[in-house]
Amino acid sequence: MMTSWVRNSAAVRSDEKLLKRIISLISEDKDSLCKLCFVSKLFNALASQALYAKVSVSSTSDIGLDGREDDNKSYSAFISSCLSRNSALVQEFEVVGQIISTSSESSSTIQLALESAFFKYTNLISLVWQPSFCDTDLALAIFRILPSLPTLKRLSVKVPFLLPPPPPPASQVSHALKPAADSDLDAIPEEEEDAQSESDVDSYQYKPLSVHSEDDFGVGSLTLNTPPFPPRELVQLQHLTLTNPSPNFLVSLPESLMSLNSPLLSLIFEDDCGSVTPGVLTSLLPVTQALENFGLGVAYSVKYDELFPFLSELKNLKYLELFHYPQLDDVPSFLHLHSLLSLKITHAYTCSRKHILNMCKWVHRLIHHSPLERLEIICDDAEDFLPGPNISYDGLVTHLVCRHTTTLRILKMGYAFIGAGMVRMLMESCNALEEMEGCVRVESFNSLDKLLPAAPNLRSVALTVVNAKKKLFPDQGLLQDGKTPLRRVVVNKRGFEGEWITEWKEGQRLQTVFRVSQIEAT
């Protein structure tokens with residue numbers, strides 16, 4: 001009897017592992033996860049882990065407050081995640097969108113709801129606080145709570161644009177405007193002639209949280225001008241992302257990172273990084289020696305010869321994201337980033353051949369001594385200028401073919417033009433290549449059936465054909481009915497995607513088939 005119980009227990013544990021793997025494949029399908037919760041206790045427990053692992057709030061309606069009558073509240077996943085049986089499952093929490101209120105009562109309700117949720121999320125690992133707009137008191141309250149989150153290791157913060165205080169309730173307004181019973185029109189005092197006219201009053205302007213003074217909202221020492229950010233008490237932090245970082249944040253940042261229990265592993269500055277200067281990077285050197293992931297957005301004050309010395313000190317750097325802008329200075333000598341695996345470059349559109357070649361040279365110097373596995377070059381606004389001049393990136397591709405043949409797995413350069421000869425060399429030489437995106441001529445498109453077999457591990461290819469006189473569409477036969485690893489072929493944002501599935505055939509037999517569907521890439 002005991003042996004039977006042990007066997008059954010082992011079978012149950014084995015089933016749980018298998019079910020976890022299956023459920024992880026549909027973790028983004030919230031509707032299916034909700035339905036699984038009603039199947040059995042086991043499915044409920046496993047599906048709930050995936051359903052509440054990440055909770056997102058993008059508006060006040062997600063908190064159950066939409067500005068209308070109470071009967072019309074939208075009870076979202078956020079409200080369910082605050083229940084005692086679900087709160088311990090939450091590991092990631094993000095606040096995006098406009099978190100604004102229409103009255104002082106709703107503002108305090110939102111604040112209390114979020115504060116209560118943070119104290120219930122006992123296993124919270126990641127917090128993304130990036131609302132586009134929010135109330136002043138709410139933003140300050142959230143930043144005060146951060147030191148009381150003992151498991152928080154990932155923090156992504158954007159200084160929101162603050163709104164003026166919400167208007168008082170209508171009842172208070174009507175009471176304030178109601179005249180006394182024994183008063184008449186003669187009792188209303190006339191305004192002084194030298195009073196400030198309405199046209200002289202400055203209109204309200206949105207300000208980032210960090211530039212408000214104490215008098216702006218009367219919270220004294222709770223302003224972000226005084227305490228360092230992130231708080232020194234957040235000693236377990238390992239990953240930090242700051243979007244549009246302000247000078248007030250950056251001045252205290254080295255001091256805050258110095259108090260961490262273990263060295264910071266990831267530091268990313270996103271979007272407008274005008275406040276990140278060479279002096280800021282120098283001040284961060286003592287606390288960034290262990291960085292594995294670094295990112296820097298638009299920082300026009302940081303030049304080539306100021307960025308390279310900083311990067312050269314990051315010996316453990318594996319992932320790097322940078323914004324490139326045209327510069328007149330010469331590109332410094334080669335960097336020795338012996339651990340760099342992934343490089344992502346974003347740049348604005350330019351039709352200058354000199355600027356493109358300079359950027360290719362800059363990328364070449366960055367990756368020359370790296371075991372690079374992934375290279376991604378993104379042009380922010382390329383579609384706004386198409387069709388345009390096709391400046392060749394063949395020099396950079398030549399370096400990839402010669403230096404990173406055995407390591408390069410993913411190459412995404414959607415609007416970077418690659419000549420027909422370089423496309424052929426890329427397919428034939430880089431045997432580890434799994435994903436490839438680029439801009440080619442129609443000759444490369446016509447020879448796809450000959451090029452693809454040369455890349456044995458290629459799973460996805462997306463091409464933009466620049467000189468096509470008619471609409472082009474790839475041949476479904478390129479997928480070869482799943483006989484090769486290739487699963488996705490896209491040309492000018494249209495193509496085919498294949499996958500192996502199991503389905504019931506006639507006679508109730510379960511059969512594995514390769515299904516091909518037509519897709520349109522965004």
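Analyst: The discussion below takes up paired strands and then packed helices. Please keep in mind that this is a predicted model.

User: Let us begin with strands. In which sense do strands β6 and β7 pair, and over how many bridges?

Analyst: One reads the direction of each strand and then the bridges that link them. Strand β6 covers residues 239-243 and strand β7 covers residues 266-272; they pair in the parallel sense over five bridges. As a point of reference, Thr241 stands opposite Ile268 in β7.

User: What should I know in general about the side chains of a strand?

Analyst: In a regular strand, side chains alternate between the two faces of the sheet.

User: How many bridges join β10 to β11, and how many join β11 to β12?

Analyst: Each pair is to be read separately. Strand β10 (residues 342-347) pairs with strand β11 (residues 374-379) in the parallel sense, over six bridges. Here Ile345 is opposite Ile377 in β11. Strand β12 (residues 410-417) runs parallel to β11 and is joined to β11 by three bridges. Glu376 has Lys412 in β12 as its bridge partner.

User: I now turn to the helices. At what angle do α12 and α13 cross, and how close do their axes come?

Analyst: One considers the angle, the separation of the axes and the residues that touch. Helix α12 (residues 304-312) and α13 cross at roughly 20°, and their axes come within 12 Å. An angle under 35 degrees counts as roughly parallel, so α12 is roughly parallel to α13. The crossing of α12 past α13 is right-handed. From α12, the contact is made by Tyr304, Leu307, Phe308 and Leu311, and from α13 by Asn358, Trp362, Arg365 and Leu366. By class, this contact of α12 with α13 has six nonpolar residues, one polar and one charged.

User: Which residues of α13 meet α14?

Analyst: Again, one reads the geometry before the residues. The axes of α13 and α14 come within 9 Å and cross at roughly 20°; the two helices are therefore roughly parallel to each other. α13 passes α14 in a right-handed crossing. Cys360, Val363, His364 and Ile367 in α13 meet Leu396, His399 and Leu400 in α14. The contact of α13 with α14 comprises five nonpolar residues, two polar and no charged.

User: Is the crossing of α14 past α15 left-handed or right-handed?

Analyst: Helix α14 (residues 394-403) and helix α15 (residues 420-429) pack at an angle of about 20°, and their axes are 10 Å apart. That angle makes α14 roughly parallel to α15. The crossing of α14 past α15 is left-handed. Asp394, Val397, Thr398 and Val401 of α14 meet Met422, Met425, Leu426 and Ser429 of α15. The residues of the contact of α14 with α15 are five nonpolar, two polar and one charged.

Technical notes. Residues are numbered from 1 along each chain as its sequence is written. This is a predicted model: local features need pLDDT of at least 70, side-chain atom pairs count only at pLDDT 80 or more; totals for chains, interfaces and linings use all residues. Side-chain values use heavy atoms; hydrogens and water are left out. Axes are lines fitted to C-alpha atoms, for helices over the stretch in contact, and angles run from 0 to 180 degrees between N-to-C directions. Helices (H or I, at least four residues) and strands (E, at least two) are DSSP runs, numbered from the N terminus. Angles under 35 degrees count as roughly parallel, over 145 as roughly antiparallel, 65 to 115 as roughly perpendicular and the rest as oblique. A crossing is left-handed if the near helix is turned anticlockwise from the far one by less than a right angle, and right-handed if clockwise. Contact means heavy atoms within 4.5 Å. Ala, Val, Leu, Ile, Met, Phe, Trp, Tyr, Cys and Pro count as nonpolar, Asp, Glu, Lys and Arg as charged, and the others, Gly among them, as polar. Two strands pair if DSSP finds at least two bridges between them.
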